[in-house]
Amino acid sequence: MVTDAAPVSFPLHLLAPPDPATLPLPHPAHPADGVRLLRGAVYAAPDGSRPLTVDLWLPEEAAPPRACRRLRSRRCLAHRPARRPRPSLPLLAAGPLRPPARAGFAVACPDYRLSGEVSYPAQTDDLTATLAWLHTRADDLGPDTPRTVLWGESAGGRLAALTALTHPVRTITATVTWYAATELPKLAEDRPKGAYDPKDPDSFEALLLGGAPAERAEAARDASPVTHVGPKAPPFLLLHGVADTLIPARQSVRFAQALRAAGHHPDLHLLAGGDHLWVGLCEQDVEDCYVRTVDFARRCTRDAEKAP
């Protein structure tokens with residue numbers, strides 16, 4: 001017997017990835033006394049891309065932790081060129097994110113989409129998604145998200161500065177950059193003559209912009225933090241090695257000058273003998289970079305707490 005029946009629609013919602021705001025958090029590890037580590041929490045699932053994850057270093061003390069974002073890909077150490085090894089220092093080998101966590105900061109180290117995967121501005125979209133996810137999960141994790149310090153090195157430093165200057169919700173309390181490129185159209189001028197070709201389609205900047213910087217001039221300008229400096233910029237701490245052969249220290253100098261021209265007072269420190277990734281610095285000098293960073297973050301978040 002044949003009967004008419006209403007068509008059954010396929011439950012398309014089953015194909016959609018789960019909402020990262022509702023996923024269970026990873027089981028915590030305890031890499032050091034007073035520190036919880038939640039590794040690989042999913043914060044976003046962009047269409048056509050892999051899930052994006054974040055490592056969370058959380059203090060176990062009872063007081064609500066202040067928020068801090070360490071900006072660099074979680075996988076970046078695996079992609080370091082062999083000619084630029086990270087210094088083999090006890091402080092770094094023991095875990096570079098432990099000091100701020102022990103100082104009472106909740107530290108989030110997100111994995112964002114790299115330039116080999118997708119072009120700018122996807123990276124800033126990923127960081128914005130990280131900030132939104134952390135705010136949504138604040139009750140579960142405990143950070144004081146209205147007092148957020150962005151901290152990044154190299155490409156992550158540029159991303160931190162760019163986000164701090166363009167984020168639509170002014171929840172960024174302060175920003176720290178280590179050896180970051182801040183004015184991409186000036187890289188050829190700042191590096192030794194012949195060392196950088198803005199027409200090179202295979203440069204790091206070309207991969208980021210989707211084409212050679214000389215051919216993508218507007219994108220290069222938009223991806224540069226100096227372009228977005230305005231009267232509402234947060235406090236900045238800029239650290240850069242004078243001997244940096246990959247990103248010239250002149251880039252941080254330019255950024256500091258732009259901030260001062262807008263009425264701000266950035267804290268700029270140029271380290272003699274320091275190359276990219278702090279190669280060439282002694283252990284004490286590298287440790288001082290961490291101390292300066294944590295002290296700056298502590299001072300700015302305390303000032304924000306006292307503000308009306």
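Predicted model: local features only at pLDDT ≥ 70, side-chain atom pairs only at ≥ 80, totals over all residues.

Student: Which form does the peptide bond from tyrosine 120 to proline 121 take, cis or trans?

Tutor: Most peptide bonds are trans. The bond from tyrosine 120 to proline 121, however, has an omega near 15°. The form of this bond is cis.

Student: How are the axes of α3 and α5 oriented relative to each other?

Tutor: Two packed helices are described by the angle between their axes and the distance between the axes. Here helix α3 (residues 122-136) and helix α5 (residues 155-166) have axes that come within 10 Å and cross at roughly 70°. An angle of 65 to 115 degrees counts as roughly perpendicular. The two helices, α3 and α5, are therefore roughly perpendicular to each other.

Student: What classes of residue make up the contact of α3 with α5?

Tutor: The crossing of α3 past α5 is right-handed. On the α3 side the residues are Gln123, Thr124, Leu127 and Leu131, and they meet Leu159, Leu162 and Thr163 of α5. By class, this contact has no charged residues, 3 polar and 4 nonpolar.

Student: Which element gives the most residues to the largest nonpolar core?

Tutor: That core has 31 residues, of which Leu56, Trp133, Phe236 and Phe255 touch the most other members. Elements giving two or more residues to this core include the strands β2 (35-44), β3 (52-59) and β8 (236-241), as well as the helices α3 and α9 (250-261). The most, 5 residues, come from α5.

Student: Which residues does phenylalanine 255 contact, leaving aside its neighbours within four places in sequence?

Tutor: Phenylalanine 255 is one of the residues that touch the most other members of the largest nonpolar core. Its contacts beyond those neighbours are Ala161, Leu165, Thr182, Pro225, Val226, Val229, Phe236 and Leu238.

Student: How many residues are in the second, separate core?

Tutor: Ala32, Cys68, Trp278 and Phe296 are among the members of this second core. Its residues number 30.

Student: Is tryptophan 278 buried or exposed?

Tutor: Tryptophan 278 is placed in the loop between β9 (267-271) and α10 (283-306). Most residues other than glycine have a negative phi, yet the phi of tryptophan 278 is positive, at about 65°. Because its relative accessible area is 1%, and buried means under 20%, tryptophan 278 is buried.

Student: What is the relative accessibility of tyrosine 179?

Tutor: Tyrosine 179 is found in the loop between β7 (172-178) and α6 (187-190). Its phi, near 40°, is a positive value in a residue other than glycine. Tyrosine 179 counts as buried, and its relative accessibility is 0%.

Student: What distance separates the C-alpha atoms of proline 234 and leucine 259?

Tutor: Proline 234 lies in the loop between α8 (217-222) and β8, and counts as buried at 8% relative accessibility. Not counting residues up to four places away in sequence, proline 234 touches Ala164, Leu165, Ile172, Thr173, Ala174 and Thr175. Leucine 259 is 25 residues from proline 234 along the chain, and their C-alpha atoms are separated by 9.8 Å.

Student: What percentage of the residues in the protein chain are buried?

Tutor: The secondary structure of the protein chain comprises 10 helices and 9 strands. Among its contacts with a separation of 6 or more, 71% join residues 24 or more positions apart. Of the 308 residues in the chain, the buried ones make up 50%.

Methods:
Residues numbered from 1 in each chain as written. Heavy atoms only, no water. Axes fitted to C-alpha atoms, helices over the stretch in contact; angles between N-to-C directions. Helix = DSSP H or I, 4+ residues; strand = E, 2+ residues; numbered from the N terminus. Parallel < 35°, antiparallel > 145°, perpendicular 65-115°, else oblique. Left-handed = near helix turned anticlockwise from the far one by under 90°. Contact = heavy atoms within 4.5 Å. Nonpolar A, V, L, I, M, F, W, Y, C, P; charged D, E, K, R; others polar. Core = buried A, V, L, I, M, F, W, Y, C linked by side-chain atoms within 4.5 Å. Buried < 20%, exposed > 50% of the residue type's maximum accessible area, 1.4 Å probe, protein only.
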